Amino acid sequence: MGRAVIAVALCAVLGLASCDSPPPTGTPPAPSATPSPPPAATASLAPARYPVGTREVTWARGRDRPLRTVLFFPAVTTADNPDPAPAPAWITVRRDARPRPGRFPLVLFSHGLHGSPEGNTPAVASWAAAGFVVAAPAYPYTNRKADPYVRTDMVNQPADAAYLLRKVIALAGTRSDPLYGHINTSRIAAVGHSAGGFTTTGLFRPGHDRRLVAGVVIAGWMAPGRFGGPPARLLFLHADNDKVIPIADGRAAYAEAPWPKRFVVLPGATHAAFMRPDKPGYAAMDRTVTAFLRRTLNSPSPLTLTGR
């Protein structure tokens with residue numbers, strides 16, 4: 001397939017006014033004189049922002065539940081230089097790029113109603129650039145192009161998400177796959193926005209995979225049932241000006257969680273705008289989620305989150 005290059009602004013890093021701003025000009029920094037890929041255990045701890053590769057796969061949970069999924073992963077800069085440039089102003093996203101050396105923790109991202117993997121590329125690519133492999137599915141009846149669109153089908157999405165995690169874990173162990181040896185599946189996180197946050201809460205039910213150790217619920221609410229199973233660390237983010245999902249709904253889900261947790265309020269933000277780099281709240285959201293993922297997926301010691 002062709003290498004479609006998409007420039008995604010890292011407004012959260014440099015405070016750019018808009019994602020439509022042109023990329024910076026000038027001579028890029030010289031590559032390291034002695035490139036050496038980091039070892040598997042510490043690959044995702046590097047402070048640099050990696051280029052990002054994407055590829056698309058489609059699985060199906062039964063005959064009527066196709067799950068088109070975009071995988072975002074740290075990629076090499078060029079065929080000859082696997083080292084990333086230090087903190088680039090723009091994330092370069094290349095379709096079917098070559099994965100960079102190392103093993104990176106797995107993150108599942110669930111979109112909201114009428115959402116899509118592509119519509120959340122700025123945030124998802126930012127997390128991949130920080131050192132994670134992110135699997136972003138298009139849920140069959142609530143994505144932007146769903147036909148028919150069935151809002152109530154979101155109750156089936158936690159099972160879709162659990163199925164998808166099993167498929168990505170299997171992919172990581174398939175020798176013939178390009179991502180073989182590049183995904184660390186021993187510690188997994190799930191992140192979701194809005195109905196994707198609802199989907200995320202539904203993943204942490206009794207009997208969930210013990211490798212699922214962290215969850216991020218962004219502007220979400222509680223799915224039917226209760227939290228249970230192996231302990232996990234949970235982060236809740238909600239805008240204080242959310243007119244779609246009241247912040248009280250997010251706090252109610254937070255109150256149900258029996259594990260280490262934290263609730264973060266995004267002041268002045270609305271329900272979905274802060275998922276875009278040019279809107280209020282994006283910088284705080286991206287910085288908070290990235291730090292949480294790094295600490296929970298890379299830290300071998302227990303992490304205690306203080307709630308609000």
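Me: Why is His 114 called partly exposed?

Reply: This is a predicted model, and His 114 has a relative accessible area of 48%. Buried needs under 20%, and exposed needs over 50%. The value for His 114 falls in between, so His 114 is partly exposed.

Me: Where is His 114?

Reply: His 114 sits in the loop between strand E5 (104-110) and helix H2 (121-129). Its phi is positive, about 65 degrees, although His 114 is not a glycine. Most residues other than glycine have a negative phi.

Me: What makes Asn 143 count as buried?

Reply: Its relative accessibility is 13%. The cut-off for buried is under 20%, so Asn 143 counts as buried. Asn 143 lies in the loop between strand E6 (133-138) and helix H3 (157-172). Leaving aside neighbours within four places in sequence, its contacts include His 111, His 114 and Tyr 149.

Me: How far is the side chain of Asn 143 from the backbone nitrogen of Lys 145?

Reply: A polar atom of that side chain lies 2.8 Å from the backbone nitrogen of Lys 145.

Me: Which peptide bond is cis, with omega near 10 degrees?

Reply: The bond from Asp 147 to Pro 148. Pro 148 is in the loop between E6 and H3.

Me: Is Ser 194 buried or exposed?

Reply: Buried. Its relative accessible area is 8%, and buried means under 20%, so Ser 194 qualifies. Ser 194 is in the loop between strand E7 (183-193) and helix H4 (195-203). Its phi is positive too, near 60 degrees.

Key
Residues are numbered from 1 along each chain as its sequence is written. This is a predicted model: local features need pLDDT of at least 70, side-chain atom pairs count only at pLDDT 80 or more; totals for chains, interfaces and linings use all residues. Side-chain values use heavy atoms; hydrogens and water are left out. Helices (H or I, at least four residues) and strands (E, at least two) are DSSP runs, numbered from the N terminus. Buried means under 20% relative accessible area, exposed over 50%, partly exposed in between (1.4 Å probe, protein chains only). A polar contact is a pair of N or O atoms within 3.5 Å; within protein, one must be able to donate a hydrogen and the other to accept it, and residues adjacent in sequence count only if both atoms are side-chain atoms. Contact means heavy atoms within 4.5 Å.
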